[in-house]
Amino acid sequence: MAVSRLKCFTGTLYIIWALLKMYVVGGLALARQILQRHKTATDLHLHTGKVAIVTGGSSGIGFEVSKGLVAKNVHVFIASKCVTEGKMAINKIREEFPNAKVDFLLLDLASLESVNKFVDNFLARGLPLHILINNAGVMLMPYKETEDEMEYHFQVNYLGHLYLSKLLLWKLCESGADNSHSRIINVSSVVQSVGCIDVEMLGEKCKHWSQYSPHAAYADSKLAIVLATYYLDANLRAENSKVSINAVHPGIVNTPLYRHVHWGIKWLLDVVARLTYKTPVQGADGILFLALSDSLEGRSGEYFDNCSQVSSKGISYNKDLQEELFKKSTEIVQNIVNQKFYGNQD
Ligand SMILES: NC(=O)c1ccc[n+]([C@@H]2O[C@H](COP(=O)([O-])OP(=O)(O)OC[C@H]3O[C@@H](n4cnc5c(N)ncnc54)[C@H](OP(=O)(O)O)[C@@H]3O)[C@@H](O)[C@H]2O)c1
């Protein structure tokens, strides 16, 4: 009894600590953002003939990224989990760009089977792929498991995108050239700096509410994205690949991402957001810079904020951790694939 009370107590402290860390880091990032001049890329020319996939491209930052790419003549595939929202997004883009090459393909990152189907559907079009923007994300969702029985933030933000990138890597390689690399852009967050990766516990289920912090789950998933970005970059460079990969914090941006914030402070956050956050158009700028700017040709394995390279959390540069995380993640993906696709329980 006393042991279980102690566990509950330490669990509650962990939840409060994770929440405080996230709000402090978010607050400091917001203060910096207000004081800094918002930067945009100035060298973006037309990229006619290029093809891009934008996950979560039907709303928020992803929608503005899709629109920004279309404006540069890129053929965009919006990949998201709601057909109606996807079609609405396409109609909205076509209102502004009647000749836009923009399509929707269903993708639910909470299901690796859906990721697989999405890739099949995309490849069936027989098109090249020059830009993959892993943007979709969820934040502060109460504990929920995906179709593959993984914690939701872990799979949607990180694991699903890792699998998507793995399946599309050969296509990106094939579409790249020596002087025009294909580009993968992984959307992380400033809160990666308070994330923690415990490789042993990766993919483990939460056994009790007192062990689950949605704040920690979000921050951890965003740190995992950065670690995987650096690991994949090292592998791509070793193979002399024509693919570049970078991670980015898009800024603190006023979007529906904050829908799960507790109602007690949501009203306050909404007021602050309207007054001080970046708009989704501004949030898209840093991603469009990474996707299209000539000045970044061949740059890879970096983390960006406000169109500038910045440092990520110290531990994200630890090569052993990068490798351990990648190996364990690949193992988890393989287990899911074996069980779900082939019914193999081993
Ligand atoms: N807003 C910020 O201040 C901020 C700061 C740092 C980082 N970010 C990152 O920026 C990215 C974009 O976020 P946002 O602010 O634009 O939020 P958002 O408007 O909520 O966009 C998130 C997108 O992800 C999609 N999505 C969610 N679950 C999915 C799933 N299971 N499968 C496929 N797509 C899914 C959503 O589709 P539905 O609409 O159908 O749910 C939506 O289109 C996220 O990765 C977020 O973590 C945002």
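Mentor: The model is predicted, with local features needing pLDDT of at least 70 and side-chain atom pairs 80 or more, while totals for chains, interfaces and linings use all residues. Numbering starts from 1 along each chain as its sequence is written. The ligand is surrounded by 30 residues, and the closest are G56, G60, G137, T255 and L257. Helix α2 (residues 60-71) supplies three residues, the largest share of this shell; helices (H or I, at least four residues) and strands (E, at least two) are DSSP runs numbered from the N terminus. By class, the shell holds 15 nonpolar, twelve polar and three charged residues, where Ala, Val, Leu, Ile, Met, Phe, Trp, Tyr, Cys and Pro are nonpolar, Asp, Glu, Lys and Arg charged, and the others, Gly among them, polar.

As for the rest, the chain contains nine helices and eight strands, and its C-alpha trace spans about 65 × 55 × 40 Å along the principal axes. Among the helices, α6 (residues 214-238) and α9 (residues 319-342) have axes that come within 9 Å and cross at roughly 100°, the axes being lines fitted to C-alpha atoms over the stretch in contact, with angles from 0 to 180 degrees between N-to-C directions. The two helices are therefore roughly perpendicular (65 to 115 degrees). On the α6 side, A224, L227, A228, Y230 and Y231 make the contact, and on the α9 side L321, Q322, E323, L325 and F326 (C-beta atoms, placed from the backbone, within 7 Å). Eight of these contact residues are nonpolar, one is polar and one is charged.

Technical notes
Near = placed C-beta within 6 Å. Parallel < 35°, antiparallel > 145°, perpendicular 65-115°, else oblique. Contact = placed C-beta atoms within 7 Å.
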